[in-house]
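Please keep the sequence and the coordinates in view while reading.

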Amino acid sequence: MKIIYTKHSKDKLREKEARKFRINKIKIEEVVRNPKNLQQLRLVIRVVGNLDMTHSLCVVYKLTDEGDVKIITFFPVQKGRYES
């Protein structure tokens, strides 16, 4: 499984919020591979994993026709917001 980042997700990695929470490609890929919660939405998949003591990392991606993962976006959320 290959992981591809959209321009939007690459740009978000350079933003202040990503630096504040120390979000990087390694953390994003860890959440995609070992999600705490997975939800299949209409056209995309949303997974949630641990970020720190009070926050989780939410990653939205879609599967390509080749079976690769295309990261669309990611964002930190308060723990418990998307876990249930």
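Two strands are said to pair if DSSP finds at least two bridges between them. Strands themselves (E, at least two residues) and helices (H or I, at least four) are DSSP runs, numbered from the N terminus. The model is predicted: local features need pLDDT of at least 70 and side-chain atom pairs count only at pLDDT 80 or more, while totals for chains, interfaces and linings use all residues. Residues are numbered from 1 along each chain as its sequence is written, and side-chain values use heavy atoms, with hydrogens and water left out.

The chain contains three helices and five strands, and along the sequence these follow the pattern β-α-α-α-β-β-β-β. The radius of gyration is 12 Å, close to the 12 Å that the globule rule gives for 84 residues, so the chain is as compact as a globular protein of that length. That radius is taken over C-alpha atoms, and the globule rule is 2.2 Å times the number of residues to the power 0.38. Along the principal axes, the C-alpha atoms fill a box of roughly 35 × 30 × 20 Å. Of the 84 residues, 44% count as buried; here buried means under 20% relative accessible area, exposed means over 50%, and partly exposed lies in between (1.4 Å probe, protein chains only). Among contacts (heavy atoms within 4.5 Å) between residues at least 6 apart in sequence, 46% join residues at least 24 apart.

Strand S1 (residues 3-5) pairs with strand S5 (residues 69-78) in the parallel sense, over three bridges.

On from S4, the next partner is S3: six bridges join S3 to S4, and the two run antiparallel. Valine 47 has valine 59 in S4 as its bridge partner, and the hairpin of S3 and S4 has four residues between the strands. Strand S3 (residues 45-50) is mostly covered, as five of its six residues are buried. S3 pairs in turn with S2, in the antiparallel sense over four bridges, and a hairpin joins S2 to S3 through four residues. Asparagine 37, found in strand S2 (residues 37-40), stands opposite valine 48 in S3. Is asparagine 37 buried or exposed? At 16% relative accessibility, asparagine 37 counts as buried. Its C-alpha atom is 23 Å from that of aspartate 65, which is 28 residues away in sequence.

Threonine 6 has its place in the loop between S1 and helix H1 (7-13). With a relative accessible area of 17%, threonine 6 is buried. Leaving aside its neighbours within four places in sequence, this residue is in contact with Lys70, Ile71 and Ile72. A polar atom of the threonine 6 side chain lies 3.2 Å from the backbone oxygen of isoleucine 71. A polar contact is a pair of N or O atoms within 3.5 Å; within protein, one must be able to donate a hydrogen and the other to accept it, and residues adjacent in sequence count only if both atoms are side-chain atoms.

Two lysines meet aromatic rings. A charge sits over a ring if NZ of Lys or CZ of Arg is within 6 Å of the ring centre and within 35 degrees of the ring normal. The charged end of lysine 12 sits over the ring of phenylalanine 74, 5.4 Å from its centre, and lysine 25 lies over the face of tyrosine 5, at 4.7 Å from the ring centre.

Two arginines complete the account. Arginine 22 lies in the loop between helix H2 (16-20) and helix H3 (25-33). Most residues other than glycine have a negative phi. Arginine 22, however, has a positive phi near 55 degrees, and its relative accessibility of 64% makes it exposed. Arginine 81, in the segment after S5, is exposed at 59% relative accessibility. The C-alpha atoms of arginine 81 and tyrosine 5 are separated by 25 Å, and the two residues are 76 residues apart along the chain.
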